[in-house]
Structures are given as structure tokens and as C-alpha cells.
Amino acid sequence: MSVRTRADLDQLPPYVAGRTIPGSIKLASNEVSEGPLPSVVEAINRAAAEVHRYPDMGVGRLTGELAERLDVPSARIAVGCGSVALCQQLVQAMCTPDDEVVFPWRSFEAYPIVTQVAGAQAVRVPLTAGHALDLDALLAAITPKTRLVFVCTPNNPTGTLLRRAEVESFLDRVPSDVLVALDEAYFEFVTDPDAPNGVDIAAERDNVVALRTFSKAYGLAGLRVGYAVGPQRVAEALRKVCIPFSVNAVAQTAAIASLDAPDELRKRCANVASERERVHRELVGIGYDVPETQANFVWLPLGERTDEFNEHCLGNKVVVRAFAGDGARVTIGLPEENDAFLAAARSFLL
Ligand code: PMP
């Protein structure tokens with residue numbers, strides 16, 4: 001007799017991380033290319049001297065700082081080990097085995113994984129022909145078994161943004177016992193004035209939770225910190241299903257130090273946004289079909305030619321993120337990194 005793992009896990013596809021290849025430019029994981037700010041590195045070093053102690057399990061100081069800056073009560077905030085952990089905690093907190101989790105597809109690849117790990121049922125809703133979220137189709141997919149809907153805006157990997165009015169109208173029609181998670185991992189890069197603000201929306205509605213992260217614009221991907229803002233009952237449940245002490249002490253300190261540098265954050269995001277517009281414009285000029293993007297990446301829906309494009313970029317020492325048969329997602333990096341990618345894109349025969 002041998003040990004038995006859950007049979008349903010045999011069919012579970014593993015999460016695929018962007019590859020790091022020494023000597024190549026990594027534009028595969030939507031990270032920022034610049035390292036942490038000196039003030040953040042200093043805070044990390046200070047925190048490192050204290051790691052013989054457990055972290056603050058309640059993440060009190062960081063939660064307090066977020067509460068003040070976002071103007072929401074601390075009781076409505078839950079901090080997690082990256083917002084991907086909060087996605088998993090949300091499914092655990094909301095669903096029992098037969099319950100359904102509805103999400104757009106293609107979208108963040110963790111949604112189906114965390115749903116299946118929790119034993120719930122994943123309901124994938126196709127994007128529109130323009131690679132955007134189809135809110136009417138998401139609504140139509142909601143059944144009495146639906147407990148949670150993920151709405152990712154800007155959407156990973158297509159970069160498309162939902163406008164505030166369409167999100168509000170969607171939420172008006174979602175049954176009040178279904179929780180909508182507005183995944184705003186790329187919120188800080190958005191420049192469109194009609195964009196929704198999930199935290200503000202969550203403050204006005206009893207069935208909305210906003211998810212944000214320190215991994216992207218704040219540049220702390222390696223430390224794993226994200227947060228959720230939603231109904232107090234949901235925040236409490238998220239804390240209950242969290243592994244004790246999982247948000248480590250260095251991460252908590254670094255996140256606080258990052259919040260203390262808002263001007264630097266704005267500057268970095270503005271640089272990303274202007275490079276994003278340049279890369280988009282040039283790709284369209286070459287002849288690629290690239291949806292409008294408000295995130296720190298572009299989406300090239302290359303279909304069956306995706307693997308070929310991926311190999312071509314690898315040959316030119318640029319690592320992109322390929323989704324076989326569907327498309328390639330390319331992170332906006334520093335100007336010279338983007339130039340290297342654009343040169344590769346130019347020499348690929350469309
Ligand atoms: N949501 C979306 C849409 C993402 O793209 C990502 C990261 N790829 C996450 C959540 C999770 O980010 P993290 O766990 O690093 O906070």
C-alpha cells in the first residue's frame with residue numbers, strides 16, 4: 001500500500017512561472033525592472049536584524065497604514081502573502097465543495113487552480129472578440145451555486161480595462177449573496193480617468209472585495225505581500241483561513257516603507273505608462289494586433305503562432321510569457337529592454 005494524494009489533483013495543471021534565463025531580458029512576469037528604492041532596502045536591512053522573532057501575526061502596523069491611506073477601517077482590510085494567496089483564501093472562505101467560482105477566461109491563471117485546490121467548481125467565461133471581459137456573459141454564468149466571481153481589471157494577460165460605469169452596472173445586477181472580487185493587481189499603472197477604483201466601490205457595496213498587491217508597481221514581488229479591502233465579515237474570514245504568520249516580518253516592514261514613498265511610485269508608474277504607449281504604438285505600426293492596455297504589459301494574440309514567436313524572442317535573448325495556442329504577454333521593462341523586445345518583434349515575420 002502506498003500513500004494516496006487527492007485523485008483530482010492529478011488533473012490540476014501546475015502554475016507556470018515566467019522563466020529567468022541568465023543573459024536574457026526577462027519580460028515574463030509583469031515585475032518592474034527597477035530594484036527596490038534605497039529607503040525600502042534600508043527598511044529591509046533593519047527588519048532582517050529582527051528575524052529571530054515571529055512577525056506581527058495581525059499585520060497591525062501595515063494594516064493601519066493602509067487604512068489611513070485608503071480611508072477605510074482596518075477591520076475591512078486583510079493582508080496576505082501576495083494577492084494570489086488572497087485569491088486562494090477567498091475561495092476557501094466562500095466555497096464548500098459543490099459551490100461555483102465564475103471568472104473570465106483567459107485571465108489570471110491562478111483562478112482555476114485555487115478554485116480546484118479548494119474543491120470548488122470553476123466556471124470559465126470566454127472573453128469578447130476584442131480580448132476584454134464580457135460582463136454580460138459573466139452575469140449569465142451566475143447560478144444559485146455561485147459564491148464568488150473574479151473580475152480582473154486591467155485583465156491579466158490581455159491588459160484590457162473595464163470602465164467604472166460598466167462595473168457599477170454589472171454590480172447592480174449581481175445577486176447580493178455573490179461576492180465579486182475586483183482583482184486590481186495592476187491598478188497603479190492605470191491612467192484612464194474612467195477606470196474604476198475597487199477600494200472605493202468596496203466601501204459602498206456589501207458584496208465587493210478589492211484585491212491589490214505590492215508585487216507589481218511597488219516592486220516587492222520577491223517579498224509576497226498583497227491586501228484585500230472588503231466587507232468586514234469577508235476580511236475576518238480571510239484572516240481565519242490565512243496560515244499563521246505567513247506574511248513575514250521583512251515583507252511587512254518593506255511594504256510600509258514603500259507606502260512612504262508615494263512620489264517615487266507615481267514617477268515609476270508614469271515611466272511604465274509612457275513606455276507602454278510607445279511599445280503599443282510601435283507594435284501596431286509593425287502590424288501586430290495588440291489590444292489597448294492599461295497594465296504594465298501588452299498582449300499579442302498570436303494564436304497558433306505563439307510558440308514560434310516565443311522561440312524567436314528567446315533566440316533574441318528576450319523572455320516573454322507564452323500561452324500556447326493563444327498569445328504572448330510581454331511585460332513593459334526599461335526603455336532599452338523594450339527596445340530589445342521591439343527589435344525581436346520586428347524581425348519576426350508576420
Ligand atoms: N492577480 C493578478 C491579476 C495577477 O496578475 C497576479 C500576479 N501575476 C496576482 C493577482 C498575484 O500577485 P501577487 O501574489 O504577487 O500579489
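## Exercises on a predicted model

The buried residues of helix α9 pack against α1 (38-48) and α2 (60-70). This is a predicted model: local features need pLDDT of at least 70, side-chain atom pairs count only at pLDDT 80 or more, and totals for chains, interfaces and linings use all residues. Residues are numbered from 1 along each chain as its sequence is written.

**Exercise 1. Find how many residues of α9 are buried, and which ones.**

Step 1. A residue is buried if 20 or more other C-beta atoms lie within 10 Å of its own, exposed if 12 or fewer, and partly exposed in between; C-beta atoms are placed from the backbone. Helices (H or I, at least four residues) and strands (E, at least two) are DSSP runs, numbered from the N terminus.

Step 2. Count. Helix α9 spans residues 249-259, and eight of its 11 residues are buried.

Step 3. Name them. They are Val 250, Ala 251, Gln 252, Thr 253, Ala 254, Ala 255, Ala 257 and Ser 258.

**Exercise 2. Decide whether Lys 216 and Pro 97 are buried or exposed.**

Step 1. Locate Lys 216. It is in the loop between β7 (208-213) and β8 (226-229).

Step 2. Apply the cut-off. Lys 216 has 28 C-beta neighbours inside 10 Å, so it counts as buried.

Step 3. Locate Pro 97. It lies in the loop between α3 (83-94) and β3 (100-105).

Step 4. Apply the cut-off again. Pro 97 has 8 C-beta neighbours inside 10 Å, so it counts as exposed.

**Exercise 3. Describe how domain 1 meets domain 2.**

Step 1. Domain 1 is 7-35 + 263-347, and domain 2 is 38-259.

Step 2. Take the distance. The C-alpha centres of the two domains lie 23 Å apart.

Step 3. Count the contacts. In domain 1, 25 residues are in contact with 26 residues of domain 2.

Step 4. Find the elements. On the domain 1 side, α10 (262-286) and β9 (297-300) are those that give two or more residues. The largest share, five residues, comes from α10.

**Exercise 4. State which residues are closest to the ligand, and sort its shell by class.**

Step 1. Define the shell. A residue is near a molecule or strand if its C-beta atom, placed from the backbone, lies within 6 Å of it.

Step 2. Count. The ligand is surrounded by 13 residues; the closest are Gly 82, Val 84, Ala 185, Thr 213 and Ser 215.

Step 3. Sort. The shell has five nonpolar, seven polar and one charged residues. Ala, Val, Leu, Ile, Met, Phe, Trp, Tyr, Cys and Pro count as nonpolar, Asp, Glu, Lys and Arg as charged, and the others, Gly among them, as polar.

How values were computed
Domain bounds come from an automatic or database domain assignment. Two residues are in contact if their C-beta atoms, placed from the backbone, lie within 7 Å.
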